[in-house]
Amino acid sequence: MVGSTSNAIVVEVGLKPSILKAPIYVIQKIISHKFLIRNLVVREVRGKYRNALLGYTWTVIEPALLAVVYYFLFYMLAGNPDELYAMWVLIGIIIWGCFGKSLQATVSSLTRNKNTIHLVYFPRIVFPMTSVMANIVITMMSCFVIIPIMIVFDLPLTIHVLLIPASVLLAGFLATGVGILLAPLNCVYRDVEHLVRFIVRAGFFVSPVMWTYEMALDRGIFGNVAMYNPMLTPITLARHGLEGHATTLPPELILWTIGFGSLMWLIGSIVFEKYERWAVKYL
Amino acid sequence: MKQSVIILENVSLHFPKIKKLSTLFTDLIRKRKTRFTALKEINLEVKLGEVFGLIGKNGSGKSTILRVVSGIYPPDEGNCKVAGNISLLAGIGTGFSAHQTGIENAILYGSILGHNEQEMTDKLPEILEFSELGDFIHEPIRTYSAGMKARLGLAVASAIKPDILLIDEVLGVGDPQFREKSKKRILDLVAETGTVVIVSHSFGLMKDICDRVGVVHEGKLVMVGSPEEAISTYYEITE
């Protein structure tokens with residue numbers, strides 16, 4: 001009651017630790033607000049599949065239908081693909097979808113939540129984290145589609161199947177860094193949102209969704225350039241996991257992806273912490 | 001001499017205006033203002049245990065002051081210091097999710113207001129009782145009337161026990177019986193909380209509960225004094 005504040009220390013509102021500590025500060029905030037993040041993720045996931053007869057099965061149906069369409073397209077263009085090709089496309093769509101949707105959702109996370117931002121204060125990093133985690137949850141549900149696939153194609157269930165959830169997390173992680181870097185700028189100019197939507201569409205073709213890492217190996221210079229796409233690693237890892245063997249990706253490629261993601265997270269969290277307070281005034 | 005728990009020193013706050021490519025050059029030539037000043041050099045100290053009121057016309061900056069204190073907008077100039085944890089009651093029911101049940105929304109809203117899991121588990125029975133929703137609490141809140149949503153929101157919001165409570169026009173929801181009950185609840189909350197800053201247009205309430213009242217006009221804190229003085233100043237400057 002009264003008096004409980006008498007010994008409270010007077011602190012300046014909105015003071016932030018130094019810029020270099022921002023990445024750690026952000027992680028601390030995420031951990032201390034995990035209850036809030038969990039509730040917001042549930043709201044987002046439930047909201048997405050509300051009033052749908054098929055409900056959460058849409059998480060599986062959507063990528064499966066897309067895979068059928070792309071299989072047909074590839075069949076028309078190249079003729080007679082490998083019998084596992086449809087499966088490669090399907091897992092590619094799922095992992096790429098996780099990245100693309102997470103990225104779009106993080107970039108627009110502050111603008112979509114402007115009503116909440118105007119009325120309550122909690123660390124704003126909660127908004128992009130909620131977007132990423134909701135998409136990771138949805139993608140994990142999509143991954144159940146691999147169970148019938150494994151039965152149909154008679155694929156061995158090995159420990160390597162764990163590569164699939166790992167790649168989902170990796171794809172989400174890659175999207176987070178880039179997303180939080182752009183989210184404050186999107187408050188000022190919504191152009192960012194439109195640009196990102198284009199990048200996600202174009203990236204679909206530049207990333208190994210319709211093609212595979214193995215196909216790119218013997219394509220000379222273009223194939224070599226394609227190896228620097230950070231999304232090559234998660235998609236290929238998931239495919240190898242589904243095929244049930246250890247990955248044949250060179251370790252330096254995996255390291256490059258993780259390094260790229262960490263660098264983006266570092267830059268992204270510094271930029272986000274520095275500019276979100278200024279950016280929300282534009283909302 | 002009591003300790004000051006909210007200190008605003010020369011606080012100014014500006015809102016930027018969004019530039020468009022098409023008007024970028026004409027703006028430069030005409031030297032159009034690129035920002036809007038919402039608060040001008042606000043100096044204010046609120047003491048421990050005080051109930052402080054803020055009055056002023058719509059758009060004068062009352063709510064903005066509360067938002068600066070709660071941390072939503074950091075000041076552009078000057079600084080704002082507080083002692084103790086703060087809770088801002090504004091826009092009751094922010095973040096409600098229409099297709100989740102009353103209970104789920106109570107927990108969601110509670111966590112938005114800054115409660116952890118343990119606190120929400122402890123407070124849930126009290127919240128459900130105060131909201132008077134009965135079995136409706138298990139229905140999705142898209143089936144609720146506006147008054148029912150407001151009741152649930154107020155039940156959650158008033159279950160908080162912060163050191164400093166900021167209230168922004170949250171009275172006057174629901175039917176007359178509930179309005180009485182919610183007014184009493186807010187007054188209890190005010191009585192229990194150490195320090196309260198309240199923004200309201202109901203001057204009767206201000207006279208009843210406030211120790212001091214400040215008048216905000218066009219982004220400036222014009223005067224601070226007893227409720228009677230402040231209300232008469234308000235009428236003078238808004239004539």
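The dialogue below treats the sheet and then the contact between the chains.

Tutor: This is a predicted model, in which local features need pLDDT of at least 70 and side-chain atom pairs count only at pLDDT 80 or more, while totals for chains, interfaces and linings use all residues. Residues are numbered from 1 along each chain as its sequence is written, and chains are lettered from A and ligands numbered from 1 in the order in which they are written.

Student: What is the order of the strands in the open sheet?

Tutor: Strands (E, at least two residues) and helices (H or I, at least four) are DSSP runs numbered from the N terminus, and two strands pair if DSSP finds at least two bridges between them. Here four strands form an open sheet in the order β1(A)-β4(B)-β1(B)-β2(B), with antiparallel pairing. Its edge strands, each pairing on one side only, are β1 (10-12) of chain A and β2 (35-47) of chain B.

Student: How many bridges link β1(A) to β4(B)?

Tutor: Three bridges link them, in the antiparallel sense; Val10(A) has Ala83(B) as its bridge partner. Within chain B, five bridges join β1 (residues 4-16) to β4 (residues 77-83), and Glu9(B) is partnered by Asn79(B).

Student: How many residues of each chain are in contact with the other?

Tutor: Two residues are in contact if their C-beta atoms, placed from the backbone, lie within 7 Å. By that criterion, 29 residues of chain A touch 40 residues of chain B. On the chain A side, β1, α2 (34-48) and α6 (114-119) each supply at least two residues, and α2(A) gives the most, with six.
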